[in-house]
Amino acid sequence: MFRLLLGGIYLLRTYPIAKRIKNESFDVRYHEAREASLKFLRLVKTSVLVNEQELPEGETLFVSNHQGTIDPLVIVAAIKKPTTFISKKENKKIPIISTWAEVLDLIYFDREDQSSAIKMLREASRWLKAGNSVLIFPEGTRSKSATVHGFHEASLKPAYLAKANIVPITLHNVYKDFDNIKTKTPYRITIGKPLSYEDYKDKDLKELADYLHDEIEKPILNESQS
C-alpha cells in the first residue's frame, strides 16, 4: 500500500513536467513520458518484461489487446519508439493522466458518435502519413482479463490509408492492474513480428483483423498451455 501511495504522489509531482514540455518536439515529449513511466514503476518496485523485437522505422500502427487501466503506462514504458494513442473521450477527464495525454497528442473519439469515429480514423491516418506511430486497442474496451475479444475491423483502416507498418502487441497480465504492484509481479508484454504494407495489402479488413487477433492471442494461449 505504501508503494502505491508513493507512486501516486510521484505521478502528481509529474504535472509540472508535463506542462513544461508541452511545446517541445514530440520525440522529446515521448521520451519524458517514458522516463516518468519507468520511474513510477521503479518506485513501486514493479518491472515490465518485454521480448527483444526490432521495430520498423517510419509510420507504424501498433495494435494491442486492451486489458486494464494501466495499459498505456506499461506500453509507454516498454516501447522506445515515440507513439501516440487512440483513446475514448472519457479519458480526457482523468486528472494528471489527461495532462500527459495532451503531451502525447492522444487522438480522442466518442464511441457513441459515428462522425467522431470517422474523424478519429482520418486523424490517425494523417498522423501515420507524416511518418509517425499510433497505437490502437481494436477491442474498443478493456477486457479486464486474459481474454482477447473480437476486433473492430474499421479501426485498422488508417494502416491501409497510410501504407503503414503494423506491429502486434500482446499484454499478458496487465489486467491485474495495481494488484501486480501489491505483489511486485512484473507486467509481461510480447511484441510480435512486424508486418509491412506488402504483407497485408491483399487482405481485406476482416481478414487482417482476424489475423492480428490470432497473433495477439497466440502468446497468451501458448502460456496457458505450458
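## Salt bridges and exposure

R188 counts as partly exposed because its relative accessibility is 26%. Here buried means under 20% relative accessible area, exposed over 50%, and partly exposed in between (1.4 Å probe, protein chains only). The model is predicted: local features need pLDDT of at least 70, side-chain atom pairs count only at pLDDT 80 or more, and totals for chains, interfaces and linings use all residues. Residues are numbered from 1 along each chain as its sequence is written, and side-chain values use heavy atoms, with hydrogens and water left out.

The whole structure holds seven salt bridges. A salt bridge is a side-chain nitrogen of Lys or Arg within 4 Å of a carboxyl oxygen of Asp or Glu. Among them are these:

| Pair | N to O distance |
|---|---|
| E223 and R188 | 2.7 Å |
| K89 and D110 | 3.2 Å |
| D179 and K182 | 3.8 Å |

E223 and R188 link distant parts of the chain, 35 residues apart. E223 sits in helix α10 (residues 205-225), R188 in strand β7 (residues 187-191). Helices (H or I, at least four residues) and strands (E, at least two) are DSSP runs, numbered from the N terminus. E223 is partly exposed, at 32%.

K89 lies in the loop between β3 (84-88) and α5 (97-103). D110 lies in the loop between β4 (107-109) and α6 (114-129). K89 is partly exposed at 40%; D110 is buried at 16%.

D179 and K182 share helix α8 (residues 179-183), three residues apart, about one turn. D179 is partly exposed at 44%.

R42, in helix α3 (residues 26-43), is exposed at 52%.
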